[in-house]
Amino acid sequence: MRSFLRLSTVLLFTVAPAMASEPILQPDPQAYELAGDLWAPGRDEAGRKNVAEDISGIACVDLGGGKRRCLLVNDEGGKAQFVAIDGLTIEPKRRVDLIGEGPNPETLGRRPTGPGCPDAKQKFKELDGEGVAYAAPYFYVTGSHGCGRRSKAFTLSAMLLARIRVTGEGKPDVPEGAEPEGAVETTWRLGDALARAETVGPYFLKDLTDGNGLNIEGLAVAGDDLYASLRAPSLDGKAFLVAVSVEALFAEGHEPYTGTPRVIPIEVGDGAGIRDLTVLPDGQLLVLTGPAQFQDVPYRLFRFDPKGNAGPVALGRLAPLDESESRGKPEAITMVGKDRVLVFFDSLKNGAPRSYTVPGLR
């Protein structure tokens, strides 16, 4: 049986609201169904294809009539997967390689020259995809831009930001019969921006657990602003967005980013970081927060205007899942209605998607 949650709105200014006063949102009674398993790299011990249990980001093109074309990423491997949503059915579609077996000389910007992670051995293995955004005509996918959580190693491939040019129907914009990879371009420059960012820059490539090291877990794009949301560092009850010009990140050539990104603190409570975000129709952001590392911190939803002066509006918190799904962590959110949010959970088969009605979004 699924846990149930309710939401309410509370206006925040300089301190987070009392946790105990926040209501809990119940999942919508209608369950989403998968028309097939979502992709994950590798095979199990019996030789069967693995099923995704590491969904970490989603964004969608709204096609109207309850239909959406979305892009999903998990934090293993170097691929993203398209899915079609029609009502309550999620159908896996084609996959696209975002990275190859080694660095691509056509990647924009300048490849990082020296790791700063505790384990200095450099590897190019997986994207460690953590966030997906959509802003016509592109889907954007970012690597974590952090050290390995367990290995503490520097993974060069996790320092990439990719985008895929798509049609109005959300399909790769390539000539008929061409491979979808032809619509992909990548850049190194987001790492430059993070390293240059005020307040959070000193935490770039620090140990994620012991050093409150910087890592991205969400992404949103609105106009020319790309918002990288940080799970960590979490400082004095604040989590952070780093806003960078999309045009600067994807400018032609191999010059590094030399601008000054905008750093936006959000009061979300001690020990909390941002786990995902998505753009709302009015241009504000819906922000999902949770533990920055392994703190006993609930998962909460906020509405936030990144260009305004007001603090975030707390919409409520998600109740822990029941015992059979207690290891699941809310990691990916997207809007599926004016006041409905679809959530995927890390560590559960196919992300265990379920939607929630959010009264505070009406």
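This is a short exchange about a predicted model and the terms used to describe it.

Reader: What makes the radius of gyration of the protein agree with a compact globule?

Author: The protein has 362 residues, and a compact globule of that length would have a radius of gyration near 21 Å. The protein has 19 Å, which agrees. Its C-alpha atoms fill a box of roughly 50 × 45 × 40 Å along the principal axes. Of the 362 residues, 56% count as buried.

Reader: How many helices and strands does the protein have?

Author: Two helices and 25 strands.

Reader: Why is helix α1 called largely enclosed?

Author: Helix α1 covers residues 189-196. Six of its eight residues are buried, so the rest of the structure largely encloses it. The buried ones are Arg189, Leu190, Gly191, Asp192, Ala193 and Leu194.

Reader: Why is Arg231 called buried?

Author: The cut-off for buried is under 20% relative accessible area. Arg231 has 7% relative accessibility, so it counts as buried. Arg231 sits in strand β16, residues 225-235.

Reader: How do you know that the side chain of Arg231 makes polar contacts with Pro291 and Ala292?

Author: A polar contact needs an N or O pair within 3.5 Å. The Arg231 side chain reaches the backbone oxygen of Ala292 at 2.9 Å. For the backbone oxygen of Pro291 the distance is 3.5 Å. Beyond four places in sequence, Arg231 also has contacts that include Arg149, Asn215, Glu217 and Gly273.

Reader: Why is Thr199 called partly exposed?

Author: Partly exposed lies between the 20% limit for buried and the 50% limit for exposed. Thr199 has a relative accessible area of 44%, so it is partly exposed. Thr199 is in the loop between α1 and β15. Its phi is positive, about 70°, although Thr199 is not a glycine.

Methods. Residues numbered from 1 in each chain as written. Predicted model: local features only at pLDDT ≥ 70, side-chain atom pairs only at ≥ 80, totals over all residues. Heavy atoms only, no water. Buried < 20%, exposed > 50% of the residue type's maximum accessible area, 1.4 Å probe, protein only. Helix = DSSP H or I, 4+ residues; strand = E, 2+ residues; numbered from the N terminus. Polar contact = N/O pair within 3.5 Å; in protein donor to acceptor, adjacent residues only side chain to side chain. Contact = heavy atoms within 4.5 Å. Rg over C-alpha atoms; globule rule 2.2 N^0.38 Å.
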